[in-house]
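Please keep the sequence and the model in view while reading.

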Amino acid sequence: MPAHNARQVPKAANNGTPSFLSDKSAKVFLAGHKGMLGTAIHRRLAALGFTNIVGRTRAELDLTCEPAVHKFFDAEQPRYVILAAGKVGGLHASSAAPADFMTENLRITVNVLTAARRCGTVRKLLFLATSAVYPVDAPQPIPESALLTGPPAPGNEWYAIPKIVGIKMCQAYRAELDDGMDAIVATPNNLYGPRDPFPSESSHVIPALIRRFHDAKASGAPEVVVWGSGRQLREFTHADDAADAAVLLMERYSGAEHVNVGSGREVTVRELAETVREVVGYEGRVVWDTSRPDSVMRRLLDSSKMAALGWEPKVELRDGLKKLYEWYLSGRAASFQP
């Protein structure tokens, strides 16, 4: 996409070194460049004119393999790193495979952060964490200071703990001040967008709902069953908005505390399901299976720090859902090509 179509991002104050946005020929390693958030960040960087974005698929570089990661950093010597890689899935997925979620994400986190620090060329690194790091009983909206004031919600800890480790590693590197790597952390809430995985019940809530309503529409099923009461409140942020936030943080933020990234707009899961049903065009009934747990009833982030930096989400939920369903349909159509 041409650079002139990109959204404007405020410039950083001049502190004697090139700002991120004025260093567009520098090598940027985007870990997880094929994932939902990674692809959005890649699109954003390319639109802004970055010419040396480096990404590797898992087949090309296994981030859980420490020697391979160190070899990659020694060879590539990036100036900037954005870590958006990890094993992701909904609560059902992490609860079904807790050891896999814990160990894979922990290895990725430790390997990439350690190698980035050790190679000596990384000027700035952004680690993408998750709002799941916060305690189940955190105050609402959740401030950054709520971290480690209690345990994560049951079932979320397998994904959350490796992210907490990443936050603390970045803070530890900053505390030592011996390597010049500006390590910062963003904590986004529920993200959605193109490349959000749709494979099964292990999906996040939005792709799971889209798939269920689409399949019910296609088969003529009279009803769709959705887990829980639907009373839970959730905050959703489009991946494109989160990508804007990531670029803004790389440009303007340098601090030890992680920064919340949330849209500030809450809906109940029931309202979400009705919106998805309308977007898909399904006309059957929605049945709520209240024997299934609701999980955390509310998780709204206090994103005032992000707003103070000049970030404001642009994508309305209904518009984002329409675009995501269109992407889903095009992907399904392509998959059935001979």
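This is a predicted model: local features need pLDDT of at least 70, side-chain atom pairs count only at pLDDT 80 or more; totals for chains, interfaces and linings use all residues.

## The enclosed strand β5

Because seven of the seven residues of β5 are buried, the strand is largely enclosed by the rest of the structure.

Two pairings of β5 can be followed from here. β4 and β5 run parallel and are joined by five bridges, and within this pairing Leu128 has Ala186 of β5 as its bridge partner. β5 also pairs in the parallel sense with strand β9 (residues 259-261), over three bridges, and there Pro188 stands opposite Val261 of β9.

## Two nonpolar cores

Which residues have the most contacts inside the largest nonpolar core? They are Phe29, Leu63, Phe73 and Leu125, in a core that has 36 residues. The elements that give two or more residues to this core are β1 (28-31), α2 (66-76), β3 (80-83), α4 (98-119), β4 (124-128), α5 (157-176) and β5 (182-188). Of these, α4 provides the largest share, which amounts to six residues. Apart from this core lies another, of 35 residues, and Leu37, Leu128, Ala239 and Val259 are among them.

When neighbours within four places in sequence are left aside, Leu63 is in contact with Phe29, Ala31, Val69, Ala85, Arg107, Ile108, Asn111 and Val112. As a general background, nonpolar side chains tend to be buried together in soluble globular proteins.

An open sheet is formed by three strands in the order β6-β8-β10, with mixed pairing. Its edge strands, each of which pairs on one side only, are β6 (190-192) and β10 (266-268), and the twist from one strand to the next averages 50 degrees. β6 and strand β8 (residues 233-238) pair in the parallel sense over three bridges, and the bridge partner of Asn190 in β8 is Phe236.

Helix α7 (residues 239-252) packs on the sheet, where it touches β6 and β8, and its direction makes about 70 degrees with that of β8. The 14 residues of α7 should span 20 Å at 1.5 Å a residue, and this agrees with its end C-alpha atoms, which are 20 Å apart. α7 is mostly covered, since 12 of its 14 residues are buried; the buried residues include Ala239, Asp241, Val247, Leu248, Met250 and Glu251.

## Cysteines

How many disulfides does a search of the whole structure find? The search finds zero disulfides.

## The loop around Lys34

Lys34 has its place in the loop between β1 and α1 (36-48), and with a relative accessibility of 47% this residue counts as partly exposed. Along the chain Lys34 and Ala84 are 50 residues apart, while their C-alpha atoms are separated by 9.5 Å. Leaving aside neighbours within four places in sequence, Lys34 is in contact with Thr39, Thr57 and Arg195.

Key:
Residues are numbered from 1 along each chain as its sequence is written. Side-chain values use heavy atoms; hydrogens and water are left out. A nonpolar core is a set of buried Ala, Val, Leu, Ile, Met, Phe, Trp, Tyr and Cys residues joined through side-chain atoms within 4.5 Å. Buried means under 20% relative accessible area, exposed over 50%, partly exposed in between (1.4 Å probe, protein chains only). Helices (H or I, at least four residues) and strands (E, at least two) are DSSP runs, numbered from the N terminus. Contact means heavy atoms within 4.5 Å. Two strands pair if DSSP finds at least two bridges between them. Axes are lines fitted to C-alpha atoms, for helices over the stretch in contact, and angles run from 0 to 180 degrees between N-to-C directions. The expected span of a helix is 1.5 Å times one less than its number of residues. A disulfide is a pair of cysteine sulfur atoms within 2.5 Å.
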